[in-house]
Amino acid sequence: MRKGVGRGWKVALATVAGVAIAGVTMAQPIGEGWILGAENDAARFELLQDDAGGFGRAMFEASIRYERLYEALTDGNYELARHHWDTIEASIGNGIVRRPGRAPNAEAIFLAEWETIDAAFESADPATARAAFMTAREACMACHVAEERAYLNDQRLFTDLVFN
Ligand code: HEC
C-alpha cells in the first residue's frame, strides 16, 4: 500500500519538477525513482547521459588523477604514476567521445606527448620523471589556453603542483 501511495506522490512531484526546471521538456522524477520513475527507457537514458556529463566532468576526473600523479612522483612510486597517467588518457578519451569538438586540440597538444611522458615515468629516473610531469602540465595548460579557458590555469593544481 505504502508503495502505491509513494508512487502517486512521486508522479505529483515529477509534474511539479517538470514545470519548475527551465529547459527540461520531460518531467524529471525526483527522489529514489529519479531514473526508474522516468516515462520510458529513452527518457531514462537521457537522464543517465546528462548525469555522466561532458568534457568538464572528464576534466574533473582527470584533474583528481593528475593530483594523485604528482603525489606518486613525489613518493617515487613510478608504477602508480603510470597507472594514473593511463587513467588520465582514458578520462580525456571519454571527454572526446562526449565532446568531439575538443579532439583536435586534445590530440595535437596533449595526446601527442602522452607516450614520451609515459616512457619517462617508466624510466623511474626521478629527474626524468619530474621533468616529464612538467611537460604534461604545460600540455594541460596550453590546451586550456587553446580552448579559451586560460583562467583554469590560475589555480593551485597548476601553480602549486610543480617540480623545480
Ligand atoms: C582539449 C584540451 C584540454 C586538455 C588536453 C586538458 N584540458 Fe582541462 N579543460 C579543458 C576544457 C575545454 C575545460 C572546460 C570544460 C567545461 O567546463 O566544459 C577544462 C576544464 C578543466 C578543469 C576544470 C574542471 C571542473 O571541475 O569543472 C580542470 C581542473 C582541468 N581542466 C584540468 C586539466 C588537467 C590537469 C589536464 C592535463 C592532465 C587538462 N585539464 C587537460 C580542455 C583541456
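What follows is a dialogue on how to read the features of this model.

Q: What kind of model is this, and how are its residues numbered?
A: This is a predicted model, where local features need pLDDT of at least 70, side-chain atom pairs count only at pLDDT 80 or more, and totals for chains, interfaces and linings use all residues. Residues are numbered from 1 along each chain as its sequence is written, and side-chain values use heavy atoms, with hydrogens and water left out.

Q: How many helices and strands are there in the chain?
A: Helices (H or I, at least four residues) and strands (E, at least two) are DSSP runs, numbered from the N terminus. Here the chain has seven helices and zero strands, so its pattern along the sequence reads α-α-α-α-α-α-α.

Q: How much of the chain is made up of buried residues?
A: Buried means under 20% relative accessible area, exposed over 50%, and partly exposed in between, with a 1.4 Å probe and protein chains only. Of the 164 residues in the chain, 34% are buried. One case is Trp-85 in helix 4, which is buried with a relative accessible area of 1%. The C-alpha atoms of Trp-85 and Phe-133 are separated by 9.8 Å, with the two residues 48 apart along the chain.

Q: Which residues are the protein donors of the iron atom of the ligand?
A: Donors are N, O and S atoms within 2.8 Å of the metal (3.2 Å for Na, K and Ca); water is not among the atoms, so sites may look incomplete. In this model the protein donors are Met-59, through SD, and His-144, through NE2, lying 2.1 Å from the iron atom. Met-59 lies in helix 3 (residues 55-74) and His-144 in helix 6 (residues 126-146), so the pair ties together parts that are 85 residues apart in sequence.

Q: What is the geometry of the iron site?
A: Four donors count as tetrahedral if all angles lie between 85 and 135 degrees; four count as square planar and six as octahedral if opposite donors are over 155 degrees apart and all others between 65 and 115; anything else is irregular. The iron atom of the ligand has six donor atoms with angles of 84 to 179° among them, and its site is octahedral.

Q: Which residues are closest to the ligand?
A: A residue is near a molecule if one of its heavy atoms lies within 4 Å of it. The ligand is surrounded by 19 residues, and the closest are Met-59, Cys-140, Cys-143, His-144 and Leu-152. Helix 3 gives the most to this shell, with six residues. At least two residues each come from helix 3, helix 5 (103-122), helix 6 and helix 7 (156-159).

Q: Which polar contacts are there to look at?
A: A polar contact is a pair of N or O atoms within 3.5 Å; within protein, one must be able to donate a hydrogen and the other to accept it, and residues adjacent in sequence count only if both atoms are side-chain atoms. The side chain of Arg-137 makes one with the side chain of Glu-138, at 3.5 Å. Arg-137 lies in helix 6 and counts as buried, at 12% relative accessibility.

Q: What about side chains in the loop between helix 1 and helix 2?
A: Asn-40 is found in that loop, between helix 1 (2-20) and helix 2 (41-52). A polar atom of the Asn-40 side chain lies 3.3 Å from the backbone nitrogen of Ala-42. Gln-28 is in the loop between helix 1 and helix 2 too, and a polar atom of its side chain lies 3.3 Å from the backbone oxygen of Trp-34. Asn-40 is partly exposed at 35%, while Gln-28 counts as buried at 18%.

Q: Where does a positive phi turn up in a residue other than glycine?
A: Most residues other than glycine have a negative phi. Ala-124 has a positive phi, near 60°, and lies in the loop between helix 5 and helix 6. Glu-148 also has a positive phi near 60°; this residue lies in the loop between helix 6 and helix 7 and is exposed, with a relative accessible area of 68%.
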